Amino acid sequence: MSVAIKRGILMAAGRGTRLGEITARFPKPMLEVAGAPIIGHILSGLARQGVEQVIIITGHCAELLEGGLGHGEQWGLRLHYLRQPQPPQGTARALWLARDHLGDAPFFFGWGDILVSPRNYGRILSAASGRDAVIGVNAVDDPWAGAAVTVDVEGRVLKIVEKPPRGSSRTPWNNAGLGVLGPSIWTHVQALRPSARGEYELPQAIAALVASGADVGAVPVQGQWFDIGTAEDLERARGEFDPTLA
């Protein structure tokens, strides 16, 4: 991939059950952190790097999210919404909804509840040049709660293991939940089988892409990274996230 990346997709359909009453009647990506909705910080970061159109997959409290963001003028973006059918069938099926909109050009992907320091968007988009895909990774003590990503000395992803047993991983790298995918991902999305929880998961499709021998790069996230899944995560982000940091 060597063309400029102009399109993106954000997964923003989830209920956010671990946040309890906070998201019972409110979309998690619209929760305020540092003076703006979580998803607003993501959109701002993408717009600054030349992304022009973002597809947002909505579900829980879709009307509030879509109405709150509008058409994207405040970020200089064009926003397009696709609603995930109920019951949800997983993030890979959600991605497939956008197949015709995304076409065969590379595109940014991410989740609407993951915050990173803004400089990472440019780093990830730039790193996609000449590769089949790239994913952001962040260093953790043990990636058991996410996905363990094995990376070689040249920054190429060798393997992704979803939710490995505690203490079993030999890599500190965790799948950070954002990156760039090219058209080769569609074959693996189509071929997916349901996960243990009965859903078609996008991380599984990316793992299959890696296993096929595709050139998938890893970009270590610099600065801040927040995966906002619990009330404690939200409070920490509200206390620490600084969108002005370079």
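Predicted model: local features only at pLDDT ≥ 70, side-chain atom pairs only at ≥ 80, totals over all residues.

Residues are numbered from 1 along each chain as its sequence is written, and side-chain values use heavy atoms, with hydrogens and water left out.

A nonpolar core here is a set of buried Ala, Val, Leu, Ile, Met, Phe, Trp, Tyr and Cys residues joined through side-chain atoms within 4.5 Å; buried means under 20% relative accessible area, exposed over 50%, and partly exposed in between, with a 1.4 Å probe and protein chains only. The largest core has 35 residues, and those touching the most other members are Ile-9, Leu-95, Phe-107, Ile-160, Leu-181 and Ile-185. Helix 7, residues 202-211, contributes the most to this core, with 6 residues. Helices (H or I, at least four residues) and strands (E, at least two) are DSSP runs, numbered from the N terminus. A second, separate core of 30 residues includes Ile-56, Phe-108, Leu-125 and Val-134.

I turn to helix 2, residues 62-69, whose buried residues are Ala-62, Leu-65, Glu-66 and Leu-69. Seen down the helix axis, these fall within an arc of 95°, so they line one face of helix 2; the arc is that of the directions from the axis to the C-beta atoms. The face turned away carries the exposed Glu-63 and Gly-67. Gly-70 follows helix 2, with a positive phi near 65°.
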